Amino acid sequence: METQGKVITCRAAVAWGAGEPLVMEDVKVDPPQRLEVRLRILFTSICHTDLSAWKGENESQRAYPRILGHEAAGIVESVGEGVEEMKAGDHVLPIFTGECGDCRVCKRDGANLCERFRVDPMKKVMATDGKTRFFTSKDNKPIYHFLNTSTFSEYTVIDSACVLKVDPLFPLEMISLLSCGVSTGVGAAWNVADIQPGSTVAIFGLGAVGLAVAEGARVRGASKIIGIDVNPDKFPLGREAGISEFINPKESDKAVHERVREITEGGVEYSFECAGSIEALREAFLSTNSGVGVTVLLGVHASPQLLPIHPMELFQGRSITASVFGGFKPKTQLPFFITQCLQGLLNLDLFISHQLPFHDINKAMQLLHQGKAIRCLLRL
């Protein structure tokens with residue numbers, strides 16, 4: 001391709017400060033270095049991690065200027081030295097948490113946080129040389145990376161360990177959802193909680209991740225799935241995902257965990273906290289059955305508050321854990337999951353609530369912030 005080995009000038013949505021509108025502007029994107037890949041992003045969407053970083057809720061996220069974004073799909077434009085598993089023209093997913101295949105974590109079953117390329121919200125430069133690949137077009141000032149991916153740009157440079165080659169027959173607009181939200185939720189249900197047929201489930205927060213948990217629980221044969229959210233507009237989508245009972249905390253005259261225990265006669269076997277709320281986490285934990293209850297933490301928590309659990313409560317037979325990317329190893333396990341999704345195992349259409357052109361990215365941010373969107377798919 002004519003652009004290989006050259007600097008590319010393209011459009012990107014740049015974050016210049018916490019809570020400020022993203023600015024569509026021309027940026028320069030350097031060629032990929034050793035073990036790096038430069039992608040042409042075709043579809044991207046916004047999740048709550050992007051929203052949290054945009055608002056600057058955590059001090060570690062306040063590195064500006066920065067290009068956010070991590071849920072996307074695209075095509076390889078060029079590869080750096082040493083990249084052998086993909087080539088220009090390949091269809092790919094950028095993955096915010098990578099898999100080198102060589103470290104002790106990658107070699108261990110049941111673990112997916114690669115020692116070198118795991119998700120790191122504080123990382124803002126490339127692993128190869130500690131430098132950025134983005135620069136302002138006007139004055140050549142550096143623009144920082146985000147979550148290994150930076151997909152709010154027509155072109156981006158990513159470590160090859162964070163890029164997954166996919167079958168070109170797969171529609172990129174659909175599988176872009178699998179680079180974060182859907183995989184995170186379904187994987188939490190399957191890989192982390194390992195939901196068993198006939199079990200009961202409570203899900204706190206019915207955004208994309210919560211709905212994906214519901215889809216995963218439905219496929220696993222859960223007998224009852226309870227959805228908890230303060231926005232009743234999400235309940236119809238929840239029913240499509242297999243949720244049979246709903247609780248709106250604002251309309252309940254009892255604590256949510258008390259209602260869940262009443263509905264299930266003692267508590268659920270599995271609860272999932274997908275809201276990023278300490279209060280919701282506490283309620284999720286207390287909603288589980290004393291003796292067999294498992295709570296899985298999925299929400300992004302910007303608050304400095306610690307876990308709202310007394311150590312002695314863990315002696316009651318309840319446990320709590322957390323999940324990143326649904327426990328999936330992105331390179332070795334995700335391809336089979338993608339195949340399952342595209343064979344109809346999950347309803348991916350459920351998750352795309354809006355489709356917008358890239359230049360409407362600030363509108364997409366506001367829709368998610370206001371709770372009016374599940375996923376806004378942006379076409380670049």
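This is a predicted model: local features need pLDDT of at least 70, side-chain atom pairs count only at pLDDT 80 or more; totals for chains, interfaces and linings use all residues.
A search of the whole structure turns up five aromatic pairs. One of them joins phenylalanine 96 and phenylalanine 325 edge-to-face, with 5.5 Å from centre to centre and 85 degrees between the planes. This pair links distant parts of the chain, since its two members are 229 residues apart. Phenylalanine 96 belongs to the loop between β5 (91-94) and β6 (134-136), and phenylalanine 325 to the loop between β15 (319-322) and α8 (334-342). Phenylalanine 96 has a relative accessible area of 7%, so it counts as buried. Phenylalanine 325 is buried as well, at 1% relative accessibility. Both residues also belong to a cluster linked by ring pairs, which includes Trp190, Phe328 and Phe337.

Phe337 leads on to helix α8. The buried residues of this helix are Leu334, Phe337, Ile338, Gln340 and Cys341. They cover an arc of only 160 degrees around the axis, and therefore lie on the same side of α8. An α-helix has 3.6 residues a turn, so residues three or four places apart point the same way. The buried residues of α8 pack against β5, β9 (163-165), α2 (172-175) and α3 (181-192). Just after α8, glycine 344 has a positive phi of about 95 degrees.

What does phenylalanine 337 touch, leaving aside its neighbours within four places in sequence? Its contacts are Leu178, Val182, Ser183, Val186, Trp190, Phe328 and Leu346.

In soluble globular proteins, nonpolar side chains tend to be buried together. In this model the largest nonpolar core has 89 residues, and Phe152, Phe272 and Phe337 touch the most other members. Helix α4 (residues 208-219) supplies the largest share of this core, seven residues. Another core, of 18 residues, lies apart from it and has Cys106, Cys114, Ile158 and Cys162 among its members.

Aromatic rings also take part in arrangements with charged side chains. The charged end of arginine 40 sits over the ring of tyrosine 155, 5.6 Å from its centre. Arginine 318 lies over the face of phenylalanine 285, and the distance to the ring centre is 5.8 Å.

Key: Residues are numbered from 1 along each chain as its sequence is written. Side-chain values use heavy atoms; hydrogens and water are left out. Rings of Phe, Tyr and Trp (its six-membered ring) pair if their centres lie within 6.5 Å; planes under 30 degrees apart count as stacked, over 60 as edge-to-face and the rest as tilted. Helices (H or I, at least four residues) and strands (E, at least two) are DSSP runs, numbered from the N terminus. Buried means under 20% relative accessible area, exposed over 50%, partly exposed in between (1.4 Å probe, protein chains only). A charge sits over a ring if NZ of Lys or CZ of Arg is within 6 Å of the ring centre and within 35 degrees of the ring normal. The arc is that of the directions from the helix axis to the C-beta atoms. Contact means heavy atoms within 4.5 Å. A nonpolar core is a set of buried Ala, Val, Leu, Ile, Met, Phe, Trp, Tyr and Cys residues joined through side-chain atoms within 4.5 Å.
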